[in-house]
Amino acid sequence: MATVILKIIASKTTYGYEIIKALRQYQTLVTKEGSLYPILYRLEDEGLITSDWVLSDNSKKPRKFYTITASGRTELKQVSAEWQLFASEVSAVLQDGSEQNG
């Protein structure tokens, strides 16, 4: 899930509720706020994202916006490549018509 969240943040600087809305587009990726924020804190601790409190024009309460770092972009590129390879290999196995008997 951290990789998906990192990808969302890579597309634009965003805040928690926007991330949750983005995840809701994909039924199997829906997460609760209680699950999201620990992931965001971990990504920040690892130096993959940064955060800043911003007071928007429409609200009197500041929001914490998250931005991907250069290290985060590097990590996202690496993990995405690994995931693509994994998914490709799993697909190849699942599409192989032969079944092995043990």
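Two strands are taken as paired if DSSP finds at least two bridges between them. In this predicted model, Thr-50 stands opposite Thr-67 in strand E3.

**The sheet**

A hairpin of six residues leads from E2 to E3. A second pairing, also antiparallel, connects E1 to E3 through two bridges. Together the strands form an open sheet of three, in the order E1-E3-E2, with antiparallel pairing. Its edges are strand E1 (14-15) and E2, each of which pairs on one side only. Strands of a sheet pair through backbone hydrogen bonds, in either a parallel or an antiparallel manner.

The following table lists bridge partners.

| Residue | Bridge partner in E3 |
|---|---|
| Val-54 | Arg-63 |
| Tyr-15 | Phe-65 |

Helix H1 packs on this sheet and touches E1, E2 and E3, and its direction makes about 100° with that of E3.

Arg-63 lies in strand E3. Its relative accessibility is 34%, so Arg-63 counts as partly exposed. Apart from neighbours within four places in sequence, Arg-63 is in contact with Tyr-15, Asp-52, Trp-53 and Val-54. Among these contacts, Val-54 is also the residue whose bridge partner in E3 is Arg-63. Between Arg-63 and Gly-16 there are 8.5 Å from C-alpha to C-alpha, although the two are 47 residues apart in sequence.

Ser-59 belongs to the loop between E2 and E3. Is Ser-59 buried, partly exposed or exposed? Ser-59 is partly exposed because its relative accessible area is 22%, and buried residues must fall under 20%. Ser-59 and Val-93 are separated by 34 residues in sequence and by 52 Å in space, C-alpha to C-alpha.

**The nonpolar core**

The largest nonpolar core contains 19 residues, of which Ile-5, Ile-9, Ile-19, Leu-40, Leu-43 and Ile-49 touch the most other members. At least two residues of this core come from each of helix H1 (2-11), helix H2 (16-23), helix H3 (33-45) and E3. H1 provides the largest share, six residues.

The buried residues of H1 are Ala-2, Ile-5, Leu-6, Ile-8, Ile-9 and Ala-10. They pack against E1, H2, H3, E2, E3 and helix H4 (70-95).

Which residues does Ile-49 touch, not counting residues up to four places away in sequence? They are Leu-6, Ile-9, Leu-40, Leu-43, Glu-44, Tyr-66, Thr-67, Ile-68 and Thr-69. Of these, Ile-9, Leu-40 and Leu-43 are, like Ile-49 itself, among the core residues that touch the most other members.

**Packing of H2 and H3**

Two packed helices are described by the angle between their axes and by the distance between the axes. For H2 and H3 the angle is about 115° and the axes are 11 Å apart. H2 passes H3 in a right-handed crossing. On the side of H2 the contact involves Gly-16, Tyr-17, Ile-19 and Ile-20, while H3 contributes Glu-33, Leu-36, Tyr-37 and Leu-40. Classified by residue type, this contact comprises six nonpolar residues, one polar and one charged. Ile-19 and Leu-40, which take part in the contact, are also among the core residues that touch the most other members.

Conventions:
Residues numbered from 1 in each chain as written. Predicted model: local features only at pLDDT ≥ 70, side-chain atom pairs only at ≥ 80, totals over all residues. Heavy atoms only, no water. Helix = DSSP H or I, 4+ residues; strand = E, 2+ residues; numbered from the N terminus. Core = buried A, V, L, I, M, F, W, Y, C linked by side-chain atoms within 4.5 Å. Buried < 20%, exposed > 50% of the residue type's maximum accessible area, 1.4 Å probe, protein only. Contact = heavy atoms within 4.5 Å. Axes fitted to C-alpha atoms, helices over the stretch in contact; angles between N-to-C directions. Left-handed = near helix turned anticlockwise from the far one by under 90°. Nonpolar A, V, L, I, M, F, W, Y, C, P; charged D, E, K, R; others polar.
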